[in-house]
Amino acid sequence: QVQLVESGGGLVQAGGSLRLSCAASGSIFSINDMGWYRQAPGKQRELVAVISSGGGTNYVDSVKGRFTISRDNAKNTVYLQMNSLKAEDTAVYYCNAAVPDQILGYDYDYWGQGTQVTVSS
C-alpha cells in the first residue's frame with residue numbers, strides 16, 4: 001500500500017504564491033509519473049501538471065508560466081510552486097502517483113486526500 005499526504009494549501013490573495021507538497025510513503029520501489037490535479041466546485045477534475053521520473057514536465061495551458069512542478073525522488077515527494085495566483089485557480093488540489101505494481105503488471109494510480117487552495121480577488 002502507498003499513502004500520499006499533501007500539505008501547503010490555504011487562502012491567498014490574487015497575485016500571491018503557494019507551494020504544495022505531497023509525500024508518498026509505504027511499499028514503494030519506484031514511482032513513475034507524479035502529478036497534481038484540481039477540482040473546482042461544479043467542475044470535473046483536471047490535470048494541472050505532471051512530472052516523469054526523469055524530470056520531464058507537462059502543464060495545462062492555463063498555468064504555464066505561473067506554476068512549476070518538481071520532485072525529489074530520494075524523498076518520494078512532488079511539489080507544485082504556484083505563483084501569480086488567480087481566483088480561477090481556486091480548487092481542491094490532489095496529488096497523484098503512478099506506482100508500478102509487480103502483480104498487476106502495470107502502474108497503479110494512488111491519490112492524496114486533497115488540499116484546498118482558495119484565491120481571493
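User: How many aromatic pairs does a search of the whole structure find?

Analyst: This is a predicted model, in which local features need pLDDT of at least 70 and side-chain atom pairs count only at pLDDT 80 or more, while totals for chains, interfaces and linings use all residues. Residues are numbered from 1 along each chain as its sequence is written, and side-chain values use heavy atoms, with hydrogens and water left out. Rings of Phe, Tyr and Trp (its six-membered ring) pair if their centres lie within 6.5 Å; planes under 30 degrees apart are stacked, over 60 edge-to-face, and the rest tilted. The search finds 2 aromatic pairs. One of them joins Tyr37 and Trp111 edge-to-face, at 4.9 Å centre to centre and 65° between the planes.

User: Which ring centre lies 4.8 Å from Arg45?

Analyst: A charge sits over a ring if NZ of Lys or CZ of Arg is within 6 Å of the ring centre and within 35 degrees of the ring normal. Arg45 lies over the face of Trp111 at that distance. The charged end of Arg45 also sits over the ring of Tyr94, 3.8 Å from its centre.

User: Which residues form a disulfide?

Analyst: A disulfide is a pair of cysteine sulfur atoms within 2.5 Å. By this rule the count is 1: Cys22 and Cys95, with sulfur atoms 2.1 Å apart. The link is left-handed, with -80° about the S-S bond.

User: Is Cys22 buried or exposed?

Analyst: Buried means under 20% relative accessible area, exposed over 50%, and partly exposed in between (1.4 Å probe, protein chains only). Cys22 is buried, at 0%, and Cys95 is also buried, at 0%.
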